[in-house]
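Morning, everyone. Let me put the model up on the screen, and then I'll walk you through a few spots in it.

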Amino acid sequence: MAADSDPESEVFEITDFTTASEWERFVSRVEEVLNDWKLIGSNVGKPPEKGEYTSGTWEENSREINFADFKFSITHHYLKQESVESEGKEDGEEDAFPLAMQDLLCMNNDFPPRAHCLVRWYGVREFVVISPGANCEAVISESKCNLLLSSVSIALANTGCQVPLFVQIQQKWRKMYAGECQGPGVRADFEMVHLRKVPSQYNHLSGLMDIFKSKIGCPLTPLPPINIAIRFTYILQDWQQYSWPQQPPDFDALLAGEVGGVEFGKLPFGACEDPISELHLATTWPHLTEGIVVDNDVYSDLDPLQAPHWSVRVRKADNPQCLLGDFLMEFFKLCSRKESTDEILGKNSVEEESKENSDITQALSKLTEPTAVPIPKLSVSNMVHSARKHIRRHRRHDQSPLNNDVLNSILQYLFPDSLGDKSDSNEAKATHSNPGGKNDQDKDTEDYNLFNLLKSAPSDSLTYRLALCICLVNFYHGGMRAVAHLWQEFVLEMRYRWENNYLIYGLAAGPPDLRCCLLHQKLQMLNCCIEHKRARDESRKESGRDRKDTTSCENGLLGPESGRQGGSGGSPGKSWDSWSDSEDEFYECLSDTEEMKEVPAEGAKGAKIKPEGRLQPNGKLTLLNSDEPLYIPITQEPAPMTEDLLEEQSEVLAKLGTSAEGAHLRARMQSACLLSDMESFKAANPGCSLEDFVRWYSPRDYVEEEVTDETGQTVVRGNLSARMNIPGNMWVEAWETAKATPARRQRRLFDDTKEAERVLHYLAVQKPADLTRHLLPCILHAAILKVKEEESVEDIPSVRKAIQQVTSHTSKHLRHPIPDFKKLEDTINQLMVVETIIARARSLKAKFGLGKGEKGEDTEGLEKFVGSLLEEPEVAVIGAGRGPAGSIIHKLFVSAQRLADSSDEAALLAPLEDDPNRLGGSEDRKPMGGGGGVPDFPPPAGREILLRTCVPRPAPYSKALPQRLFCVLMREEFRLAGAFSSDTSFF
């Protein structure tokens, strides 16, 4: 008792009914979203145009809302239309139906090919959907579904929103929705039934009509007419009666030598499988009434050949295998490999030599005995070729990544001049300047100059062909090992050509083209070195002949000359002087230097200095200190440079800083060419001055003025410009240090031997991944040209536009100093998409008989039809089953039916045109289930039946309101989507 009387033990529970519950908060949040989206009140709109649901723009807005801790997503879908201004009809429109209820009866957009499922089922142009969040469980229980529907109903009533509001229930894959739409005095309920199997009593139009009539429960007799729209969809999957037009390349013929090496210059193109997997034929009866057509469990009037509207869509194969895309992607994968050429092929074995010299007792005698080594065997090229033979001797035939036939074919394709006489200088120059046989007009085309945009190489160049060969070898002839093998052979060929003075085939003359990729610049640099070396050897031969004719053997050149003439065992086109890196090769002969030292002494004694290295007189100019003509000297050309050398030089000059000493040193480094020209000028014009040099070299820095002398006569006098008179001027310093040395005896500005070895070393150390990165611009260049070529045959506007975009994006990425290879992979994917589109176009043209090149009466219409199939989601067939396209589609289905039904191949060989009844109407058509013939069409894969009417509901005196039932009948799906309106004022 004491415990009971204790006030602390009593519990008082107070329930505050003014606090909002979670359900009320949820309803409030829905209302807030509807207000924010301005979906309150009535909306005015004109009926949608025919096909507007497909061609128009659909937009959506989304928000996240919570019911307690359960997340929902609320989304507003609407068709973007021009706003319609009301013209003083507010009074008349107060009782108008909501737009959604008007859309229930609209017939302009039945069966839209591309739209939200609710648009297809209910025909609405604007609606709101509440669905569970991304990671939330589905709303399955009946109580939760009813709670959501109650929330929707309250939110619509409180806000006055006339947009239908749907709630997604059950599992998401079932696409089950329930919803409501409210208007002034009217209400529409959206209901849905979804089953796995079609009930037998509702597997036809008559059974579905019974459901619709019982649902609307109209008490009127007779019942108002019901409008019926029907669509049957037939699927064609079997294309076996048509061969796939893509022909794979014949590599066996290529290896057998029947095709020739030119095939290495062609990238493959096309899909390896049919990129069109299915053809969907939709036969539509848009306007029927109950008494016109019969469709029940024993008979049907719905013959697809008699349908007034046919439309076709194609289902495209997912990611079909395409040759060009596979080539590019496999080539691109090499960029991420880390292995070097030595790691891939193995280092050069010297085991045989060690076995031959295994006797240790002979070791000292080998060191002390003199060995007679012929001069030609000291050449790098002979050592290279002996090493090549050594490698091939030790590598077993089955271990070689590339077999000899393939390797020889590739090398002949890369170096076609190797088949002829490479020592012929005229032929070498011809192939050097125009390797691809292209004339000047071809070189002005946009496609030829594409290398400038992509920073690759001209399409007729050696670099371009090398990229194609590397791509082909990587895909078909052994992958990365074959690539390393081919690159090793290529580098050896470059070494051989440098040592033997053979110009490299397929490179434009002149210095490296900085618009091209770095590898192309390196090869051009090597070619420049070979050109300089050949020119130097030719001039030596001429000077040797002159000295031999005018003097005796006292200069000592007769020995090597006679040795060169007698040594016919050497390689053709190779001079004696190029066998070793002598001082004379660098134009630094000691005898010449001694002569130059003695010249000033002779001049001091009054002896006349003999001019050397004159090219031609410079007009009528004479030297300022004498009446001798001013001669233009023979000078050295500036050293050609590749972009990496320019960048390296820029970094060195930048590191000198901005101090006076750094600036002075920078100027001296940059004045090497100036000093060379000054020495050549002094040699060609003995007794000249700096003013004479400036008059020829930089006329603007020699200022002439008219002055009056002591006798009063006007004479012209010249002086150096102000910048030339600055103390410490580099020109003055260079002039004072310059000696009278002709260009042929100067140290070379361009050391071709050093640069050539530098290039060859650069090529030799390239890994396959490095090589792939260098050649990737050329491969993308080749792929774009290939796609352009194939598109020009098919003439597809969308593909043409896509190619322009790909080219623009690729150019932007490749011109970046450090290309982003992830973005270049995206470029390859875009090219694969373009290739797939072209392959689809060819597939469709082959199926519709357009690939034979024949022009008929209906060819233009069929080409337009095929083009539309690629661009649009669904294309109407003009003339339905009786038009040219419809006849071909009918034949396709008949052939597929014969193939499916026939147990032998005889039916496939029978021509379709022999049966006149195949293309006729339905006068000889048997009822469903009757007759023993093979039907022209398979059973429909899907049947869609749309029933509409306008009746008073729920009472006879209620308003006549729209009622709609959309039925979907498939093999494993039965769906009824109904919208049933009722009068909330007179019920």
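So, Thr 807: buried or exposed? Thr 807 counts as buried because its relative accessibility is 9%; buried means under 20% relative accessible area, exposed means over 50%, and partly exposed is in between, with a 1.4 Å probe and protein chains only. Thr 807 is in helix α31, residues 797–814. Helices here are DSSP runs of H or I with at least four residues, strands are E runs of at least two, and both are numbered from the N terminus. Which residues does Thr 807 touch, once you skip those up to four places away in sequence? They are Leu 450, Leu 453, Leu 454 and Ile 784, where a contact means heavy atoms within 4.5 Å.

Quick housekeeping. This is a predicted model, so local features need pLDDT of at least 70 and side-chain atom pairs count only at pLDDT 80 or more, while totals for chains, interfaces and linings use all residues. Residues are numbered from 1 along each chain as its sequence is written, and side-chain values use heavy atoms, with hydrogens and water left out.

Now the overall picture. The chain has 35 helices and 17 strands, and 44% of its 987 residues are buried. Take the contacts with a separation of 6 or more: 75% of them are between residues 24 or more positions apart. The accessible surface is about 52,800 Å², with 51% of that belonging to carbon and sulfur atoms; areas come from the Shrake-Rupley method with a 1.4 Å probe, and for residues only the protein chains shown count as cover.

On to another buried residue. Leu 205 lies in helix α8, residues 205–216, and counts as buried because its relative accessible area is 4%. Setting aside neighbours within four places in sequence, Leu 205 is in contact with Ile 228, Ile 230, Val 293, Asp 295, Ile 945 and Leu 947. Take Ile 230 from that list: Leu 205 and Ile 230 are 25 residues apart in sequence, and their C-alphas are 9.2 Å apart in space.

Helix α15 is worth a look as well. Its buried residues include Val 406, Leu 407, Ile 410, Leu 411, Tyr 413 and Leu 414. They sit on the same side of α15, because they cover an arc of only 160° around the axis; that arc is taken from the directions from the helix axis to the C-beta atoms.

Okay, charges. How many salt bridges does a search of the whole structure find? The count is 38, a salt bridge being a side-chain nitrogen of Lys or Arg within 4 Å of a carboxyl oxygen of Asp or Glu. One of them pairs Asp 417 with Arg 497, with the closest N and O atoms 2.9 Å apart. Asp 417 is in the loop between α15 (404–414) and α16 (425–433), and Arg 497 is in helix α20 (residues 479–499), so this pair ties together parts 80 residues apart in sequence. Both Asp 417 and Arg 497 are buried.

Then there's Arg 536 with Asp 752, at 2.7 Å from N to O. That pair links distant parts of the chain, 216 residues apart: Arg 536 is in helix α21 (residues 518–550) and Asp 752 in helix α29 (residues 752–764). Arg 536 and Asp 752 are both buried too.

Glu 755 is buried at 13% relative accessibility, whereas Arg 758 is partly exposed at 34%.

What about disulfides? The search finds zero, a disulfide being a pair of cysteine sulfur atoms within 2.5 Å. Cys 322 is in none, and its nearest cysteine sulfur, that of Cys 272, is 7.1 Å away. Cys 322 is buried, at 5% relative accessible area.
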